[in-house]
Amino acid sequence: MNSSMRVSQLGKSSIHEMTRLSAQYEDVAFLSWAKPVSDTPKHINDAAIEAIQKGFTSGYSQSEGLQELREEIAKKLKRDNNINANTSEIILTVGAIEGLAVAVLATVDPGDEVILPTPTYSTHITQVKLASAKPVLVPLVEEINYSLDIEAIKKAITPKTKAIMFCTPNNPTGTVFPEKDLRQLADIALENNLTVIVDEAYEYFVFDDEKHFSIASIPKLKNNVITAYTFTKTYAMTGWRIGYLVAEKERITQIKKAHIPFAICAPVVSQYAALAALKGSQDSVDKFRSEYLSARNLMCGRLDKLDSVFSYVKPGGSYLMFPKIISENKVDSVEFSKRLLADVKVSTTPGIAFGFTGEGHIRLSFCVPEEMINKAFDRMEKYFK
Ligand SMILES: Cc1ncc(COP(=O)(O)O)c(C=O)c1O
């Protein structure tokens, strides 16, 4: 078969492998879901239905998205992210994912290097590989709350480095990278003329005293940063496939050239739904945040009782956490997850899926009903007793 090297080099996703294995069992307690389980709020669904009925959704929109929607996004960026952007600096994409993929394609050439502080969202690593560039994984410092290792990032820069790519809050660790560290990262990017590609999918899910900081709010970084956002997490709109990028105008012009052959435009019905999401009540966002916070507290409390098996860093954001396996019976993360599934029907995600620095860990999602968390931990407590 004549598959391209670009694609055939990509390994099988251990996330999908676990999903496949989980389907073979009944009554599984899932701690591996990483998508909102709530329904999309009704006023958003209603707005989409109305747009269909009025006949607004049968054609393409402009490739960059509806003008009215980009105007609302510009207001949101100012209000919530402290980012000054006009509508020519925004492009609607097919979820954050397509936005990130075209951001990478518009930034790197084959053979370029992209620094990724890891563990990180595995799709970012795949996107760099698909662009025929080289992912350079720099470990986060687990001992200091999974913080960015600024010195190690500096050392990893070579003449081939084009970009630094990360998500905050981070998937899988739940770390909210602090403003102080992000300002240092911005300085490094400017000194070395690198592009910062940042994914802020979980921007609204931040707990305790943590503050989400958008690196694109630093004015001098404007020409060196692309930020991806999504409606998926904020408004429980996973299936609508709608997100957007913000970057300097000339960069958006380049990105648009990559976006058109993949998508032409983001789904128009979803753009109308997104417009209603931004214009309508934000109560559901607050509700999701408080649900995730209470689920996080429950999960941490249950993990405390398993302190001979796991150690963990309390996540400050997202709805994910990344405990370390400290039990004596050392097996790798894939084997550990497989055994948990086979022996007690608890589904988790092996840490290796998030880069080699994730080995020895599992990712747990607390974006699940509290009964699911209790069921999973009741089973694990018996198992590890
Ligand atoms: C960090 C991060 N970015 C992006 C996505 C996907 O976003 P979208 O549905 O908008 O493509 C996910 C989903 O899990 C994620 O965890």
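Predicted model: local features only at pLDDT ≥ 70, side-chain atom pairs only at ≥ 80, totals over all residues.
The core as a whole has 110 residues, and the members that touch the most others are Ala-103, Ile-164, Val-196 and Ile-215. Beyond its neighbours within four places in sequence, Ala-103 is in contact with Ile-197, Ile-226, Ala-228, Leu-245 and Ile-255.

Now step back and look at the whole chain. Its secondary structure comes to 13 helices and 14 strands. The C-alpha trace spans about 60 × 55 × 55 Å along its principal axes. How does the radius of gyration agree with that of a compact globule? For 385 residues, such a globule would have a radius near 21 Å, and the chain has 21 Å, so the two agree. Of the 385 residues, 46% count as buried. Contacts tell you about the fold too: among those with a separation of 6 or more, 75% are between residues 24 or more positions apart.

The chain can also be read as two domains. The domain assignment gives domain 1 as 5–40 + 283–384, and domain 2 as 42–279. Their C-alpha centres lie 25 Å apart. Where they meet, 34 residues of domain 1 are in contact with 38 residues of domain 2. On the domain 1 side, α11 and β10 (320–321) each supply at least two residues, and α11 gives the most, with seven. By class, that side has 16 nonpolar, twelve polar and six charged residues.

Helix α11 covers residues 283–304, and Leu-303 is found in it. Is Leu-303 buried or partly exposed? Leu-303 has 19 other C-beta atoms within 10 Å; a residue needs 20 or more to count as buried, so Leu-303 is partly exposed. Leaving out residues up to four places away in sequence, Leu-303 touches Phe-310, Tyr-312 and Pro-323.

Another helix to visit is α6, which covers residues 122–130. Its buried residues are Ser-122, His-124, Ile-125, Gln-127 and Val-128. What do these residues pack against? Their partners are the helices α2 (14–22) and α5, along with the strands β3 (113–118), β4 (134–139) and β5 (161–167). In general, an α-helix has 3.6 residues a turn, so residues three or four places apart point the same way. Just after α6, Ser-132 takes a positive phi of about 60°.

Other backbone details are found in the loops. Tyr-146 lies in the loop between β4 and α7 (150–156), and it has a positive phi of about 50° although it is not a glycine. Tyr-146 is buried, because 23 other C-beta atoms lie within 10 Å. Ser-318, in the loop between β9 (310–311) and β10, is likewise not a glycine and has a positive phi of about 65°. With 29 other C-beta atoms within 10 Å, Ser-318 is buried.

To finish, follow the loop between β5 and α8 (179–191), where Pro-169 is found. Which peptide bond there is cis, with omega near -10°? It is the bond from Thr-168 to Pro-169. Pro-172 lies in the loop between β5 and α8 as well, and a cis peptide bond with omega of about 20° joins Asn-171 to Pro-172.

Definitions and conventions: Residues numbered from 1 in each chain as written. Core = buried A, V, L, I, M, F, W, Y, C linked by C-beta atoms within 7 Å. Buried ≥ 20, exposed ≤ 12 C-beta atoms within 10 Å, placed from the backbone. Contact = placed C-beta atoms within 7 Å. Helix = DSSP H or I, 4+ residues; strand = E, 2+ residues; numbered from the N terminus. Rg over C-alpha atoms; globule rule 2.2 N^0.38 Å. Domains from an automatic or database assignment. Nonpolar A, V, L, I, M, F, W, Y, C, P; charged D, E, K, R; others polar.
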